[in-house]
Amino acid sequence: MALLVVGGGGALSAQAAPGDPSQALGQFLGADLLQLQAADLAYAYASDPGGPPSEADPFDLAVLQALGLQVDLIGNGLVQVPLLTDGTGPGLLNLGEIGVINSYAGTASTTDSVAASGAVADDGTISVSEDADPADFGNTTVNLTDLLDQLGVAAVTDELIDEASLEVGALATRAAKNGGTGITSDYRVTDLKLNLSSPAVAGLATQLRGTLNTATTELTSDLEALAGPGGAVQGVVDAIADIQLLGVANVSLGDATIAVTPPNLSQLVDQLLGGPNAILYSDDGAISVNLTDGTVSVDLAELVNPGGPNLNGLPANTSVLTPEVIGMITDGVNQALGKLVGHLTGGLDALLESTQISLNVGLSVVALPALGGLQLVNAPIIINGTLTQFLNGTATTDVSGLRLLPGAPSCLGASVGGICMGVDVNRLLGAVLGTVTDTVLPTVLAGLAAPVRAILTSSSAATTAVLDGVVGSLLTMLRPALDGLLANIAVIRINEQPTEAPLNEAGGDLGPGSFTVRALSVTLLPNVANTDLAKVTLASSTVLAADDDVVPVGVVPVLSGLAPSEGPVAGGTSVTVSGSDLGGATSVTVGGVSVPFEQVSGTEIRFVTPPGVAGPVDVVVTTPGGSSDPLPFTYVEDEVPVGVVPVLSGLSPSEGPVAGGTSVTVSGSDLGGATSVTVGGVSVPFEQVSATEIRFVTPPGVAGPVDVVVTTPGGSSDPLPFTYLEDEVPVVAVPVLSGLSPASGPVAGGTSVTVSGSDLAGATSVTVGGVSVPFEQVSDTEIRFVTLPGAAGAVDVVVTTPGGSSDPLPFTYVTETDAGNGNGDGNGNGDGNGNGDGDGNGNGNGDGTGNGDGNGTGNGNGTENGNGNGTGNGVGTGNGTGNGNGTGNGNGTGNGNGTGNGNGTGNGDGNGNSTGSGNGNGTGTGNGAGTESTNATGSGSGGASTERDALRGGSRGAGASDGLASTGIDLAVAVGAIVAVLAGLGAIVTSSLGSRRKAGVRRGQRA
């Protein structure tokens, strides 16, 4: 590889001394095939003995950008892109957020060299831990978009993949060469992601909306066809035979029609994109697909080094985009997108079942069909509800249209004194209503259940199949595009070492014999035929040093320090010798006596002092280059005069775990020549650091304080306490919920709910009504989830953490028409007329008035008004001759139901007519949306008693309500009234109209 810093005979080559046995090079950015080489930038270099001995160089991005360097992508000068970019224009590398970058090089001797680059300190130590959080560092972006057109892979089109890049986290390397111990190296790569942009994925939402809109249209058509010719509804209606009511009337059903208000199925897509499932993940979480913008993100660290730490600890020359990893990526994209349909159809059935239907069936009532018939009613029966309500029989019926046609009589036959002596049409309609309610409607609803269920099932299955087809078609095109792109766009290596297999080059970046480690290398377009390969390397460290046995003669070692420089005459002090050109040391002498030693590096040697006498002695290191000048080591007297008892002043630390293993430093005076250290009366090994300091490691113990005692020839010290501590077992608190926001939402689901509380960290599940839902851990006190479809009413929300499950909080599902609960008062006024016959001159009518109050309760739904029935009880007195009873019933709309009766008594002289009125007040409470009060009036008439009844010793009146004709049929009143009159209907309807008229006259004469 032609390096950025060495190509073209640049400054580095001129500076480096070819004969120097020790060299080091730290370089953050290297790239070959550059239009312009930059040999004097972005590196640190050192050599020995030619120098400089060390160098630290911060990476200056601004200077490098100003050069306008170009990369020749395929080596023929035809495809060039800028090496660097600030993100606003084209370019291969964007280093704008990378943070502080350094390069370091040091050569302490001819046998010792160190190099480092990337996130390193000024002394070359790596400043990033292996398990560092990638979010704590900036990123480098390698823009691969400009390479897409050069791949030559037919499946890779702009419609499928139009952008590609690598996102690289913090990087660092360090390499060291010591003639005695060999080469060591380390590296850091905290993060590596592959990001792709797919317009086809971004456009998937539009395709799915279109598919669901089509499904909505088809559902509507299928349901409307139920009422058409040959449809299931019309078939059920046609199968219901005309109903004969005692030969008096004929009830028949006409054509059926259906009005459908379908749900907007495409809202499923909007709910998905607005919730946590807008980003889909592979099973292992390494691949994510963002449906809103079409971004496919691959966590290469998770695939290449699962479990981590990050991308660290991998073997030399680990290749990232292997066939195995490419297969994992394409499989992961399939897994992520394969979950899309499941997320969509999770609410499909509930949405389909919310389809609103209004079924309209014509009803005709013809009186006296045997005599040619009289059309009394020609109106629809209307059944409203959702598909679910039609299936479970809870659809509501509207029979308010069943009224007498204009001009139709209220009595078929004669009326005497306001009393229908023939067929009372209002009561007849009550019988019709009972037949419709008890026979017709259950038959129609029962006949609808099977075809409606079949349409629901087929619509759900067909919609799911079409959605699967849309996603499957995209995956069919996307997989070969991903395979082709990943196999041909770049070769990526972690911990690249050119001298190791499979590269096996003769040397690193400093030539034969040198060693190089690179945190990351990216070779572009590796499979483009007949071209050189463009390559970018990041964070490279290269070292070269002589072996110990080839230290040049005449290079005398130089000592710079001893640590420590004094110790007890008893010996045993570990001393580190620092200096230069210490490599290949052949001996170390203390006071002229050779001692064993450890060659730590070319700048460091370690030995242990033998026993000596008080005072300074010379320490000398000898190498093949000669012997160093001496440095003094001072022996200090460690004998304590007899009778001088040691005194302890402190323990550091003074406490530790019962498992032991705590390193404790004992401070005090007169500790020299210590013979024992006891902990809780048990002797422990110890290190005599000095006459004022001793060090030991605690053995295992039991919780509580124990005595530490030091004994010297002068005696035993007073004790100091060391406290053993129990290992603390963390207690995880049970989560506590404080609120849901919002606490209610539609039954269709899709409500984003924020759960507030305490100790919510590490949540493992959130359940709504006992069903687990996906959730987002916002913080330790907040969790967010999106409601699934549910039934109206309250359900429990529970959060579970390792500490346990919280007490539940209620979330309330509401229907679309519900807006809350309220109480409403309604007043109903009803007028009742009562006629009474007195004993006077045959016919006497008196006036009576009465007022009554009634109470009722009921339920209604709506945003303003509710419906109910109310009647009142009243007692009144008037003037006139005779006594009479009148009963009046009134219908009123309001929120409440009530019944009541009114009684009137009057006395009158002679012949006279008078009318009586009564008022009934009803008060009702109910639940509905908002609170409203409504007033409605109803009228009724009381039946008059006949003279015959009076002659028999009593006055009896039957009250019939005219309110049915003017305000609509009151089902409860009509059904009750029909029972009272059916017994007399048989004889009445067997007579002709003429005879009924004549009979009425005769009855009037008898009266």
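Student: What do the buried residues of α5 pack against?

Tutor: They pack against β15 (249-261), β20 (356-367) and α12 (425-488), where contact means heavy atoms within 4.5 Å. Helices (H or I, at least four residues) and strands (E, at least two) are DSSP runs, numbered from the N terminus. This is a predicted model, where local features need pLDDT of at least 70 and side-chain atom pairs pLDDT 80 or more, while totals for chains, interfaces and linings use all residues. Residues are numbered from 1 along each chain as its sequence is written, and side-chain values use heavy atoms, with hydrogens and water left out.

Student: Which residues of α5 are buried?

Tutor: In α5 (residues 232-239), they're Val233, Gln234, Val236 and Val237. Buried means under 20% relative accessible area, exposed over 50%, partly exposed in between (1.4 Å probe, protein chains only).

Student: Why do they line one face?

Tutor: Seen down the axis of α5, they fall within an arc of 160 degrees, so they share one face; the arc is taken from the directions from the helix axis to the C-beta atoms. On the other side, Asp238 and Ala239 are exposed.

Student: New topic: what's the strand order in the open sheet of four strands?

Tutor: It's β52-β54-β58-β57, with antiparallel pairing; two strands pair if DSSP finds at least two bridges between them. β57 and β58 (residues 782-786) pair over four bridges.

Student: And which cysteines form a disulfide?

Tutor: Cys411 and Cys420, with sulfur atoms 1.8 Å apart; the rule is a pair of cysteine sulfur atoms within 2.5 Å. The S-S torsion is about 75 degrees, so this disulfide is right-handed.
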